Amino acid sequence: MTESRGEATQASATGREVNDTMSEARKIRLLVAKPGLDGHDRGAKVIARAFRDAGFEVIYTGLRQTPEMIVSAAVQEDVDAIGLSCLSGAHMYLFPRIVELLRERGVDDVIVFAGGTIPDEDISALKKAGIAEIFTPGTSTSVAIDFVRTHVRPRP
Amino acid sequence: MEIIERIRQRDVRAIARLMSLVENNAPEATAALKELYAITGQAFIVGITGPPGSGKSTLTDQLTKEFRGGGKTVGIIAVDPTSPFTGGAILADRIRMQQHSLDAGVFIRSMATRGHLGGLAKATGDVVNVLDAAGKEVILVETVGVGQDEVEVVKTADTCVVVTVPGLGDDVQAIKAGILEIADIFVVNKADREGADKTVAELQAMMGLAPGRSDWSPPILKTVATQGQGIAELAQGIFAHRAHLDRQGLRQTRQRERSRALFLELLQEQGTRRLLERASANGTLEQTIERIARREMDPYSAVEELLAKAGL
């Protein structure tokens with residue numbers, strides 16, 4: 001997770017480009033959320049920073065969020081994607097619950113991805129439950145960024 | 001229009017989606033704002049501004065709790081800066097507002113400045129109107145951390161709360177000049193810190209140097225937002241200012257000023273855009289600029305000529 005600034009410096013080669021980046025019509029909005037009770041948000045902060053440096057608008061809501069709080073924030077902020085980070089081991093309950101709540105509210109155009117200490121054997125079950133992708137420790141942030149860029153649903 | 005009906009019915013997803021359309025300058029947004037305009041102008045709009053780290057988000061959170069206790073519905077717009085290098089932003093004001101995240105009477109929206117100067121995002125006024133149309137009774141607009149002259153919030157808010165903290169330096173450096181003039185209420189937050197009384201005294205002295213303001217003298221209130229201290233008094237101060245505006249008919253005056261600013265801004269923006277579109281249609285704009293650069297033509301006559309061609 002080291003190459004977060006690469007794109008940033010490219011985009012700011014001249015003042016004019018800076019301006020264009022700022023006023024670009026369609027910004028991708030991402031909610032970075034930490035469900036569950038663990039108090040480790042370094043991973044979430046690294047992800048938030050990396051996506052910001054890639055030009056995303058990142059909404060960060062802090063620690064210890066319930067699935068209900070996360071979904072409520074995602075709806076009010078009209079995000080395109082939700083990135084979940086969980087190190088507590090409760091991901092098998094929390095992640096699917098978030099997808100379920102989104103569906104209950106009729107939200108079908110938000111992709112949900114996740115990272116953290118997720119054992120390999122849980123990954124396929126989580127994907128079946130509607131988590132689009134799981135990024136395990138050691139994944140470069142640029143992989144996650146490319147994934148979100150490729151998979152966000154088009155909107156006006 | 002379906003989205004209009006859904007917003008009138010306070011559908012959270014419709015409200016949120018319209019805000020995005022507004023931010024992205026989508027044509028559907030203008031159409032919806034036209035329809036909704038007639039039912040706006042009901043909400044009471046409070047601006048919260050001040051330097052970075054002064055506790056604006058925590059104050060906004062606590063004020064929301066206070067207003068909710070009084071039965072009012074609340075809309076919050078929290079603005080954070082866009083990075084000038086990447087165009088990205090981290091919007092983290094919600095961290096301090098978690099207690100309201102499941103309250104259907106509170107709608108929180110984070111906005112990035114997207115390069116707009118002045119302490120707000122360009123679309124903030126329109127997003128206020130969306131919340132207003134959706135029936136939020138009090139709308140709190142939290143600016144980015146501001147320095148000395150980012151005072152655009154005064155164009156949006158009925159009541160402006162300027163927040164400072166003890167120990168920012170002699171004569172309360174960070175809120176001199178512009179910011180001082182826009183305050184309807186001063187808050188010295190983190191008032192449990194050393195130097196709070198000195199900061200209050202400095203503000204009083206500064207106000208003494210700036211006489212001639214109407215019959216409203218901005219109160220200076222001490223708060224410790226993290227502990228909820230002084231929040232009830234701040235809410236009372238806001239209501240007192242609102243009563244003052246109503247008594248003096250100043251709310252209408254402010255609304256008229258706001259309408260003027262909005263109208264002129266739109267006119268300027270669209271007028272300029274259309275003129276430029278017309279002028280650049282057949283390459284004449286670049287030719288004219290080239291001639292000005294070569295001193296074959298002066299820019300003053302060039303502008304007059306362009307406007308004359310447009311029948312102005």
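Q: Does R97(A) count as buried or exposed, and at what relative accessibility?
A: The model is a predicted one. Buried residues are those under 20% relative accessible area. R97(A) falls under that cut-off and therefore counts as buried, its relative accessibility being 19%.

Q: Which residue does R97(A) meet in a salt bridge?
A: R97(A) lies in helix α5 (residues 91-104) of chain A, and its partner lies in helix α4 (residues 67-76) of chain A, 29 residues apart. The N to O distance of the pair is 3.4 Å.

Q: Which residue of chain A forms a salt bridge with R94(B)?
A: The closest N and O atoms of this pair are 2.6 Å apart. R94(B) is in the loop between β3 (89-91) and β4 (106-112) of chain B, and its partner is in the loop between α4 and β3 (81-86) of chain A, so the bridge joins two chains. The partner in chain A is E77(A).

Q: Which residues are linked with R29(A) and R94(B) in a network of salt bridges?
A: The count over all chains comes to 28 salt bridges. R29(A) pairs with E57(A), and R94(B) pairs with E77(A). The network links R29(A) and R94(B) with E57(A), E77(A), E23(B), R109(B) and R114(B).

Q: Which helix gives the most to the lining of the largest cavity?
A: The largest cavity holds about 100 Å³ of space. Of its 13 lining residues, the closest to the centre are R26(A), D78(A), R155(A), S20(B) and N24(B). By class, the lining comprises nine charged, two polar and two nonpolar residues. With four residues, the helix that gives the most is α2 (residues 12-23) of chain B.

Q: What is the volume of the second largest cavity?
A: The residues lining this cavity come from both chains, including T61(A), Q65(A), R94(B) and M97(B). The lining has four nonpolar, four polar and one charged residues. The volume of the second largest cavity is about 50 Å³.

Q: Which helix supplies the largest share of the lining of the second largest pocket?
A: About 430 Å³ of space lies in this pocket. Its 19 lining residues include A279(B), T288(B), A302(B), L306(B) and K309(B), the closest to its centre. Helices α9 (250-280), α10 (284-293) and α11 (299-309) of chain B each supply at least two lining residues. The largest share, seven residues, comes from α10(B).

Q: Which residues form a nonpolar patch on the surface together with L266(B)?
A: L266(B) is located in helix α9 of chain B. Its relative accessibility is 41%, so L266(B) counts as partly exposed. The patch has about 270 Å² of accessible area in total, and L266(B) forms it together with Y37(B) and L262(B).

Definitions and conventions:
Residues numbered from 1 in each chain as written. Chains lettered and ligands numbered in written order. Predicted model: local features only at pLDDT ≥ 70, side-chain atom pairs only at ≥ 80, totals over all residues. Heavy atoms only, no water. 1 Å grid on protein atoms, 1.4 Å probe; cavity = no way out; pocket = protein on both sides within 12 Å on 5 of 7 lines; lining within 4 Å. Points joined across faces, edges and corners; volume = space filled by probe spheres on them. Patch = residues over 30% accessible without salt bridge, like charges linked within 9 Å, V, L, I, M, F, W, Y side chains within 5 Å. Areas by Shrake-Rupley, 256 points an atom, 1.4 Å probe, with all protein chains shown as cover. Salt bridge = Lys/Arg side-chain N within 4 Å of Asp/Glu carboxyl O. Buried < 20%, exposed > 50% of the residue type's maximum accessible area, 1.4 Å probe, protein only. Nonpolar A, V, L, I, M, F, W, Y, C, P; charged D, E, K, R; others polar.
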